[in-house]
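Here are my notes on this one, as numbered points. Have the coordinates open while you go through them.

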Amino acid sequence: MVSVASPLTLRSGTTLQNRIVKAAMEEQLAAGGQQPDERIERLYRRWGAGGAGLVITGHVMVDRRALAQPGDVVLDGTSDLVPFRRWASASGTTPVWMQINHPGRVVLRDTGVLALAPSATRVDLGALSSLYPTPKPMTVADIDEVIGQFATTAVLAQDAGFGGVEIHAAHGYLLSQFLSPLVNRRDDEWGGSLRNRARLLLRVVDAVHARVRPGFGIAVKLNSADFQRGGFDIDDAGRVIEWLGDRVDFVELSGGSVESLATSGHTADDRTLEREAYFLDLAGRLVGRAAVPLMLTGGIRRGAIAERVLDRGFALAGVATALAQDPELPRRWLAGDDAEVAPPRSVVRAKLVRAAAVQAAVTGRLHAIGCGKDSPTRPPILALVIDRRRRSRQLARYRRDNATDAGTRVDV
Ligand SMILES: Cc1cc2nc3c(=O)[nH]c(=O)nc-3n(C[C@H](O)[C@H](O)[C@H](O)COP(=O)(O)O)c2cc1C
C-alpha cells in the first residue's frame, strides 16, 4: 500500500524518497537582470531540509520580454548560470526541478512587455480587463521561436544542475491558452480540434525531450479543467495526458486561470471549492486511465489529506501554500504527526482583491524566509499593500534594464 513515505522511481530514473512534492510558487525574488540571488538560495535550503521528496521551483520565464510579474526569474541564453547553479544545489540531496513558463497574454499592461497569444483574445476580467493588453496573435515563426525558447531554458536548467523541468501548461498561461477553445480561435493546424490545440504543448515536450539527456526529468502541469463554460475540461485533460504518453515523468493536475480563480476556491462557472484537496473528485476520474503517474495539487494542508490523495490512486501529492507557511511540514507528516497550517484568509468581498491579497500574504512569507526572517504570514490586506510597493520597485528596475536593451523592448 502506497503511503506518503513510499519512494517512487520515475521514468527518467530519479528516485523520489517520498510522495510529497513542494509545488511551484512564483517567488518574485529576481534580482537585477532577472537573476536569482541568495534570497532564493535561502528559501530552497529550507525546502530542501523540509522533507519533501521533490521540490519544484516557481515559474521561470523562457523569454525576458514576456514576464508574468516584474519580479520573475528568467533563464535564457543571456543568463549567467552561476546563480542558477547555486539555486540548484541549495536544496542539498532533495531533487529540485525548474518550472518553465511563458505567460502569453497574461502580462499586465504596465509591464510593457510582449503579449503573445494564439488569437487576439484579451484576458476577460470585467472592469479590470484593461489592465491587460490585447495580445498579438502568434505567427508560425513566433510559435517556432517559443518552442525553441522552452527547449533552450530546459537545457540551461540541466546545465545549471536542476534534475528536471516542469512545463507549465496550466492556469491560463501560454500553453494553456492554446489548449483552451475560448482563447484559441485559430483555424490553422494550431487551433480548432483538441489535437490541434494540444500541438504546441506536445511540440514543446518533444523539443525538450530531444535536447536533454535521458536522465533529466520532464513533467507537465495541466489543468484538470479551466472551470469556464465551454473551456478545457476533464475529458480534454484525459486525452492530452494520453498523447503525452511516456515522454513525461508525471503530470501534475491543477485547475483554473486568472479568469477563473479555482486555486483560490472560486470558479467562473460558480462551483465552489472550499474543501480540502478540492480537485480530488474531478481529477480522480483520470486515475487508472493515465499511463503516467499523476500528481494532484490544491488544498492539501494535512498529512491525512495527502494520504487520501494517494489512496485515490495519485502517485504524488503537491503542496504549495502550506509549505510557504511551514517549510518543515513534510518532515513532520513523515514522522506521523498530522500537523496542519490554517490557510491565510481575507474577509474582503471582492473576489479578485481577496485572491490577490491572499497570494500577496503567501509571497510575503516567501520573501521573509528568503531574507532570513521567520516572521509569520501577514494579514492579507496589509501584505497586499506591501506587495504593491515591492512590485513597483521591481517594475522600475525591469524597465531600466530593458531601456538599455531597446532592441528587445516591445510596448503593448
Ligand atoms: C504565492 C503563489 C505563487 C504561485 N506560483 C505558481 C507558479 O509559479 N506556478 C504554478 O504552476 N503554480 C503556482 N501557484 C499555484 C500552486 O502551485 C498551487 O497549484 C495552488 O496554490 C494550489 O495549491 P495549494 O492549495 O497547496 O496552495 C502559486 C501559488 C501561490 C500561493
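**Notes on the predicted model**

1. Let's start with a helix pair. The axes of helix α12 (residues 351–370) and helix α13 (residues 380–403) come within 7 Å and cross at roughly 70°. Axes here are lines fitted to C-alpha atoms, for helices over the stretch in contact, and angles run from 0 to 180 degrees between N-to-C directions. The two helices are therefore roughly perpendicular to each other (under 35 degrees counts as roughly parallel, over 145 as roughly antiparallel, 65 to 115 as roughly perpendicular and the rest as oblique). Helices (H or I, at least four residues) and strands (E, at least two) are DSSP runs, numbered from the N terminus.

2. A word on provenance. This is a predicted model, with residues numbered from 1 along each chain as its sequence is written. Local features need pLDDT of at least 70 and side-chain atom pairs count only at pLDDT 80 or more, while totals for chains, interfaces and linings use all residues, and side-chain values use heavy atoms, with hydrogens and water left out.

3. Back to the helices: which residues in α12 and α13 meet? From α12 there are V353, A356, A357, V358, A360, A361, T363 and H367, and from α13 there are P380, I381, A383, L384, D387 and R390 (contact means heavy atoms within 4.5 Å). By class, that contact has 10 nonpolar, 2 polar and 2 charged residues. Ala, Val, Leu, Ile, Met, Phe, Trp, Tyr, Cys and Pro count as nonpolar, Asp, Glu, Lys and Arg as charged, and the others, Gly among them, as polar.

4. Two residues of this contact deserve a look. H367, in helix α12, is buried at 14% relative accessible area (buried means under 20%, exposed over 50%, partly exposed in between, with a 1.4 Å probe and protein chains only). Setting aside residues up to four places away in sequence, H367 touches E27, Q28, L29 and R390. R390 sits in helix α13 and is buried too, with a relative accessible area of 10%. Beyond its neighbours within four places in sequence, R390 is in contact with Q28, T363 and H367. The C-alpha atoms of R390 and G104 are 286 residues apart along the chain and separated by 23 Å.

5. Now the strands. Is β9 (residues 164–169) mostly covered or mostly open? Mostly covered: 6 of its 6 residues are buried. In a regular strand the side chains alternate between the two faces of the sheet. In β9, G164, E166 and H168 are buried on one side and V165, I167 and A169 on the other. Strand β6 (residues 96–101) runs parallel to β9 and is joined to it by 4 bridges, with M98 partnered by V165. Another 6 bridges join β9 to strand β10 (residues 217–223), again in parallel, and here A169 stands opposite L222. Two strands pair if DSSP finds at least two bridges between them.

6. Strand β12 (residues 294–297) is also covered on both faces, with L294 and L296 buried on one side and M295 and T297 on the other. It is joined to β11 by 3 bridges, running parallel; L253 has L296 as its bridge partner in β12. A further 3 bridges join β12 to strand β13 (residues 316–319), also parallel, and M295 pairs there with L316.

7. What does the side chain of E252 make a polar contact with? The side chain of T297, at 2.7 Å (a polar contact is a pair of N or O atoms within 3.5 Å; within protein, one must be able to donate a hydrogen and the other to accept it, and residues adjacent in sequence count only if both atoms are side-chain atoms). E252 lies in strand β11 (residues 250–254) and counts as buried at 0% relative accessibility. Neighbours within four places in sequence aside, its contacts include E166, K221 and M295.

8. Finally, some loop residues to check. P135, in the loop between β7 (116–117) and β8 (136–137), counts as buried at 3% relative accessibility. H171, in the loop between β9 and α4 (174–179), has a phi near 60°, a positive value in a residue other than glycine. A277 also has a positive phi, of about 40°, although it is not a glycine. The place of A277 is in the loop between β11 and α8 (280–283), and A277 counts as buried at 3% relative accessibility.
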